[in-house]
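Keep the structure view open as you read.

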Amino acid sequence: MKSTKEIAVENKIIKRLQVLPKALELANYLLTDAEIQEMQDYANNVSIKRLGFNDHGPVHMRQVANNAIKMLLILRNAGIKTSLEIEEVGTFEDSVCALILAGLMHDLGMMIGRQSHEEMSLIIAKPIMERALEAVFPDDLHKRTVIKAVAMESIIGHMSSRKIHSIEAGIMLIADGCDMTKGRARIPMSISTTPKVGDIHKYSANAINFIKIHHGEKKPIRIDVDMSGDVGLFQIEEVLLTKINSSPAKQFIELCARVEGLEPKYYL
């Protein structure tokens with residue numbers, strides 16, 4: 001059974017996609033797919049209970065997809081085209097479809113383990129992508145091909161460990177980095193009390209109150225991070241900023257961090 005948090009993020013995704021009928025159809029297909037749900041749930045089990053990491057399950061993957069869709073819509077409103085549009089091989093909606101696929105399946109490889117999980121995610125997700133795209137675009141091999149290619153680049157590139165080139169994959173990279181609030185660290189914080197290497201990720205994420213993605217002042221997209229303590233700066237500087245700096249979409253991003261009671265810190 002889906003959690004209330006999963007349903008809440010799903011509703012945000014569906015609402016954003018009302019003007020994009022094929023993307024909406026694809027999202028509905030994926031969000032109601034029993035196999036994907038089982039994989040997301042088990043990936044989270046391995047991540048939290050076996051490895052002691054933060055949430056890498058259904059809520060996280062939905063949130064990343066939602067972040068990516070929101071950022072793409074902001075770019076469109078600013079008159080900025082995606083790579084598929086610039087190269088004249090696809091539409092804006094095709095780019096959105098690619099990031100829906102990538103967002104909802106980029107961490108499925110956590111079912112196996114943390115090491116090279118982006119590569120494992122790609123292997124696991126490929127047949128699901130193919131059947132989903134066949135269902136939504138049964139008569140358009142070209143669309144299925146370009147959407148799958150961008151989705152695969154977005155999955156394999158979401159850890160900053162591999163050079164990526166499309167704006168879409170760059171947005172996916174940042175969207176993943178933006179899911180780092182205290183809710184994502186709540187479960188591992190509550191079930192693990194034994195100190196170990198890597199705890200800084202849990203404690204730093206627990207200091208993040210909220211992240212707001214909205215239209216920027218000097219650049220199209222602004223990311224505001226509100227923190228309860230400066231330990232959250234680790235999460236920004238070691239995770240989010242690393243991903244932004246590796247992203248082909250960096251040129252479109254403003255980044256500001258605020259610690260309660262202190263002056264805001266502008267990174268980009």
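## A tour of the model

Helix H3, which covers residues 34-50, is where you will find Ile48. Please keep in mind throughout that this is a predicted model. With a relative accessible area of 7%, Ile48 is under the 20% cut-off and therefore counts as buried.

Four strands make up an open sheet in the order S1-S2-S3-S4, and their pairing is mixed. Its edge strands are S1 and strand S4 (265-266), each of which pairs on one side only.

Start with strand S1 (residues 208-215) and strand S2 (residues 221-227), which run antiparallel and are joined by 7 bridges. The link from S1 to S2 is a hairpin of 5 residues. Across this pair, Ile211 stands opposite Val225 in S2, and Ile213 stands opposite Ile223 in S2.

On to the next neighbour: S2 pairs with S3 in the parallel sense, again with a count of 7 bridges. Here Ile223 has Leu255 in S3 as its bridge partner. Strand S3 (residues 253-259) is mostly covered, with 6 of its 7 residues buried.

Setting aside residues up to four places away in sequence, Val225 touches several residues, including Met180, Phe210, Ile236, Leu240 and Ala257.

What about a charged residue in this strand? Asp224 lies in strand S2, and its relative accessible area of 10% is under 20%, so Asp224 is buried. Beyond residues up to four places away in sequence, Asp224 touches Phe210, Ile211, Lys212, His214, Cys256 and Arg258. The side chain of Asp224 also makes a polar contact with the side chain of Arg222.

Now for a loop residue. Ser166 sits in the loop between helix H8 (141-156) and helix H9 (167-177). Is Ser166 buried or exposed? Its relative accessibility is 8%, which is under the 20% limit, so Ser166 counts as buried. Leaving out neighbours within four places in sequence, Ser166 is in contact with Ser83, Val150, Glu153 and Pro248. One of these, Glu153, makes a side-chain to side-chain polar contact with Ser166. A polar atom of the Ser166 side chain also lies 3.0 Å from the backbone nitrogen of Ala169.

| Group one | Group two | Distance |
|---|---|---|
| Ser166 side chain | Glu153 side chain | 2.8 Å |
| Ser166 side chain | Ala169 backbone nitrogen | 3.0 Å |
| Asp224 side chain | Arg222 side chain | 2.9 Å |

Finally, the rings. How many aromatic pairs does a search of the whole structure find? The search of the whole structure finds 0 aromatic pairs. A ring does feature in another kind of arrangement, though: the charged end of Arg114 sits over the ring of Phe53, at 5.2 Å from the ring centre.

Notes
Residues are numbered from 1 along each chain as its sequence is written. This is a predicted model: local features need pLDDT of at least 70, side-chain atom pairs count only at pLDDT 80 or more; totals for chains, interfaces and linings use all residues. Side-chain values use heavy atoms; hydrogens and water are left out. Helices (H or I, at least four residues) and strands (E, at least two) are DSSP runs, numbered from the N terminus. Buried means under 20% relative accessible area, exposed over 50%, partly exposed in between (1.4 Å probe, protein chains only). A polar contact is a pair of N or O atoms within 3.5 Å; within protein, one must be able to donate a hydrogen and the other to accept it, and residues adjacent in sequence count only if both atoms are side-chain atoms. Contact means heavy atoms within 4.5 Å. Rings of Phe, Tyr and Trp (its six-membered ring) pair if their centres lie within 6.5 Å; planes under 30 degrees apart count as stacked, over 60 as edge-to-face and the rest as tilted. A charge sits over a ring if NZ of Lys or CZ of Arg is within 6 Å of the ring centre and within 35 degrees of the ring normal. Two strands pair if DSSP finds at least two bridges between them.
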